[in-house]
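I opened the model today to look up folds, surfaces and one interface. My notes follow in the order I made them.

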Amino acid sequence: MKTILHYGLVLLIIAGVAGVGLSLVDRITKEPIKAAQNKRLEEGQKLAFPGASSFGELKTFETEGKAVSYYEVFDESQKVIGYELLYQVGGYQSQIKVLTGIEPDGKVVAIRVLEQAETPGLGAEVDALPSNQSLLCAFVSLFSPEPEKEESNIPWFQAQFSGKTPEDLVVVKAKDPKHITALSGATITSTAVTKAVKEPIELFLKAKAEGKL
Amino acid sequence: MENKLLKLSSSPHIRSGDSVTKVMWTVFLALLPALIWSYVIFGLMAVKLTVVCVLFAMVCEAVCLKVRKQPINSCWDGSAALTGLLVSFNVPPTIPLWMPMLGTALAIVIVKQCFGGLGCNIFNPALIGRAFLLASFPKHMTSWTLGAQFGGSVDAVSQATPLGLLKEGGQEALLQAFGSKGSMYLDLLFGYGRGAIGCVGEISAALLLLGGLFLLIRGIITWHIPISFLLTLAVVTFLFKGDPLFAILSGGAMLGAWFMATDMVTSPLTHKGQLIFGMGCGLLTFIIRRWGGYPEGVSYSILIMNAAVPLIDGLFANRVFGTGKK
Amino acid sequence: MSLFKEFLKGIWEKNPVLVLSLGLCPTLATSGSMKNAVGMGLSVIAVLTFSNIIISLIKGFVPSKIRIPCYIIVIAFLVTVVDMLIAGFAPELSKAIGLFIKLIVVNCIILGRAEAFAAKNNPLRAALDGLGMGIGFLIAISIIATIREVLGANKWFGLTVFPGWDPIGIMILPAGALLTFGLVMAVRNVLAQRRAK
């Protein structure tokens with residue numbers, strides 16, 4: 001009996017101290033964590049709809065048994081100029097979360113893959129930037145104080161979606177500016193991202209026609 | 001008490017004359033028709049590919065033997081050369097040469113020698129080489145070209161293999177490409193016309209079958225693995241409303257069933273076990289072809305069954321003489 | 001054993017990954033790119049050093065029969081703190097290795113060193129042991145990650161190494177991790193044998 005109490009007390013003390021410590025750290029980091037999450041979302045929102053001045057609250061509609069979350073996009077005079085659809089689709093080995101900015105008629109403004117964990121070197125190339133800075137160049141630029149050139153921060157695969165109508169959103173293997181060119185060796189990921197863009201737009205247009213928004 | 005079965009005769013004993021070297025070169029001979037046909041179809045690039053792979057495999061083997069302080073002469077026994085040849089048989093002819101060389105090196109150094117050399121490897125070295133290349137260079141390993149006589153060229157936009165056609169366009173695309181069912185079977189059988197496409201060594205089903213029968217007659221292999229492999233593949237395909245003849249004529253089915261699944265080191269010891277092994281290969285091949293991400297699954301199915309060999313051997317072990325029946 | 005040797009042993013002689021074969025799960029999982037590997041290595045150094053110190057401090061207080069749950073609480077506490085700090089103040093790093101940080105809880109290097117070393121030595125030695133082991137882990141994982149990222153993605157810290165070369169994709173995949181790990185371990189063994197002669 002005495003040993004059990006002793007053991008229990010020791011565990012209690014250790015767990016208690018750890019708990020108090022955690023709550024203290026939580027108090028310090030709560031705000032920065034929330035800020036970081038918001039910042040990531042805001043960056044995504046801006047990239048998915050360049051030219052917007054503010055965004056509405058997260059709303060959800062449901063059509064054909066599928067729920068789609070979306071934001072309204074406002075210009076400076078608080079007029080709705082488009083929407084941003086948040087949608088998630090299973091890729092090759094992870095869930096791919098995409099934010100799609102569209103005009104009211106369903107035309108894509110820009111997209112942003114918010115989350116993915118596809119195969120590095122193949123599917124993960126959806127996030128690959130067009131610049132292909134080499135190690136040598138990076139090493140040289142360390143020693144030359146010239147200002148670095150401003151580089152595009154939109155991955156080329158995601159840039160393809162801008163200006164496409166839902167009918168154009170078809171994955172093709174050969175390079176074709178009218179459709180979506182697949183990442184080489186990653187057809188499944190390419191198709192999944194395209195689906196994550198196309199499907200919510202179609203659902204959105206349907207819901208809009210039915211007045212469900 | 002007399003027991004005839006335990007009697008030993010005094011020397012001289014009759015020797016069978018079989019040796020590793022002899023077996024390996026017989027297999028080489030059996031692969032020769034397919035090799036020559038690949039030279040006819042793909043020309044110089046196939047020659048370069050096969051010669052480089054064979055020589056490089058022997059060099060790797062010699063280096064490994066030297067490092068392991070084994071007699072270097074064994075690099076001439078043909079087993080390494082055969083692995084090299086099979087690697088080159090399992091890649092598209094247009095692949096840049098350094099890739100199959102890398103696959104060959106991996107097959108010899110890691111899969112064979114690191115596991116203890118000839119007879120000790122768990123997996124078929126050439127197939128691991130192929131799997132390694134397919135995972136590493138999916139683009140180069142899946143861009144195909146028709147033989148030059150049939151309108152293909154190195155620079156041509158990549159075309160689909162018959163299995164690729166089936167995967168992407170279904171039965172209709174297949175018929176459209178070949179014209180009719182009869183000409184499809186003939187083309188696939190002889191590696192001619194629209195059938196002259198695929199990995200270097202898998203073009204002509206008939207020539208591979210010929211080589212396989214040669215091995216069978218010479219007693220190098222028994223019928224159990226290839227027949228159960230091909231039969232299972234055909235039957236399952238038929239059950240799922242596919243074309244059974246197409247299934248065994250296309251892709252690497254013939255090459256795999258006769259020359260790679262039958263590898264003595266990585267297949268079960270007993271006939272019963274070999275039947276199970278072959279059936280597993282056929283079933284897995286069908287599953288990968290029908291539902292998998294790749295159009296072809298022979299190599300993976302054989303590798304998976306390689307891993308199951310110790311288990312199969314354990315289940316179907318011959319009763320040790322003198323021990324009681326269970 | 002001198003204090004300096006106590007620190008040094010984790011780097012070569014008793015390298016946690018290559019000799020003790022501890023912490024293989026994070027080694028295999030995060031060695032696909034240098035960025036992840038270094039992030040993982042640094043967080044292990046931090047957690048390992050502090051957990052060793054704390055466990056060495058409380059060793060007289062904890063009865064031996066319940067030492068494992070106590071160690072787990074201490075380690076989980078430290079890991080959660082590191083996780084929250086990174087998420088709050090280095091969000092980019094957190095995006096890359098957030099998942100792996102939580103895995104440190106079950107990283108057996110940490111529990112292994114707590115049990116095998118920190119529980120039997122004074123805080124100073126425990127700290128040096130943790131630091132050395134952590135650095136050994138960082139070095140091992142960096143070597144593996146360098147080989148894998150350069151061969152498998154033709155990159156190093158995300159920068160292209162040989163422009164225009166087709167990388168060997170499998171090295172980035174789990175199979176490449178096992179292959180590289182085995183070969184690096186073999187090379188270390190060969191070198192160690194040479195030294196012993």
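I took helices (H or I, at least four residues) and strands (E, at least two) as DSSP runs, numbered from the N terminus. This is a predicted model, so I kept to its limits: local features need pLDDT of at least 70, side-chain atom pairs count only at pLDDT 80 or more, and totals for chains, interfaces and linings use all residues. Residues are numbered from 1 along each chain as its sequence is written, chains are lettered from A and ligands numbered from 1 in the order in which they are written, and side-chain values use heavy atoms, with hydrogens and water left out.

**Entry 1: chain A**

I read chain A along its sequence and got α-β-β-β-β-β-β-α-α-β-β-α. That is 4 helices and 8 strands.

I checked burial next. Buried means under 20% relative accessible area, exposed over 50%, and partly exposed in between (1.4 Å probe, protein chains only). In chain A, 37% of the 213 residues count as buried.

Then I looked at contacts, meaning heavy atoms within 4.5 Å. I took the chain A contacts between residues at least 6 apart in sequence, and 50% of them join residues at least 24 apart.

For surface I used accessible areas from the Shrake-Rupley method with a 1.4 Å probe; for residues, only the protein chains shown count as cover. Chain A exposes about 12,300 Å², and carbon and sulfur atoms supply 58% of that.

**Entry 2: chain B**

How many helices and strands does chain B have? I found 14 helices and 0 strands. The radius of gyration of chain B is 21 Å, close to the 20 Å that the globule rule gives for 326 residues, so chain B is as compact as a globular protein of that length. Here the radius is taken over C-alpha atoms, and the rule is 2.2 Å times the number of residues to the power 0.38.

The C-alpha trace of chain B spans about 75 × 45 × 30 Å along its principal axes. Buried residues are 52% of the 326 in chain B. Of the chain B contacts between residues at least 6 apart in sequence, 73% join residues at least 24 apart. The accessible surface of chain B is about 15,500 Å², with 69% belonging to carbon and sulfur atoms.

I also looked at charge. Lys and Arg count as positive and Asp and Glu as negative; His and the chain ends are not counted. I placed each charge at NZ of Lys, CZ of Arg, CG of Asp or CD of Glu. Chain B has 22 positive and 13 negative charges, and their mean positions are 9 Å apart.

**Entry 3: chain C**

Chain C reads α-α-α-α-α-α-α-β-β-α along the sequence. The radius of gyration of chain C is 18 Å, close to the 16 Å from the globule rule for 197 residues, so chain C is as compact as a globular protein of that length. Its C-alpha atoms fill a box of roughly 60 × 50 × 25 Å, taken along the principal axes.

Buried residues make up 48% of the 197 in chain C. The accessible surface of chain C is about 8,700 Å², and 72% of it belongs to carbon and sulfur atoms. I found 18 positive and 8 negative side chains in chain C, with the centres of the two sets 8 Å apart.

The size of an interface is often given as the accessible area lost when the parts come together. I used buried area, the accessible area (1.4 Å probe) that two parts lose on being put together, summed over both. Chain C and chain B bury about 710 Å² between them, 77% of it on carbon and sulfur atoms. Which residues of chain C lose the most area to chain B? They are C:Asp166, C:Ile168 and C:Ile170, together 55% of what that side buries. The contact takes 9 residues from chain C and 10 residues from chain B.

Most residues other than glycine have a negative phi. I noted two exceptions.

- B:Lys69 has a phi near 60°. B:Lys69 sits in the loop between α2 (44–67) and α3 (79–89) of chain B. B:Lys69 is exposed, at 75% relative accessible area.
- C:Asn154 has a positive phi of about 60°. C:Asn154 sits in the loop between α7 (123–153) and β1 (155–156) of chain C. Is C:Asn154 buried or exposed? C:Asn154 counts as buried, at 4% relative accessibility.

**Entry 4: C:Ile147**

I found C:Ile147 in helix α7 of chain C. C:Ile147 counts as partly exposed, at 31% relative accessibility. Leaving aside neighbours within four places in sequence, C:Ile147 is in contact with C:Gly152, C:Thr180 and C:Val184. C:Ile147 and C:Gly112 are 35 residues apart in sequence and 27 Å apart in space, C-alpha to C-alpha.
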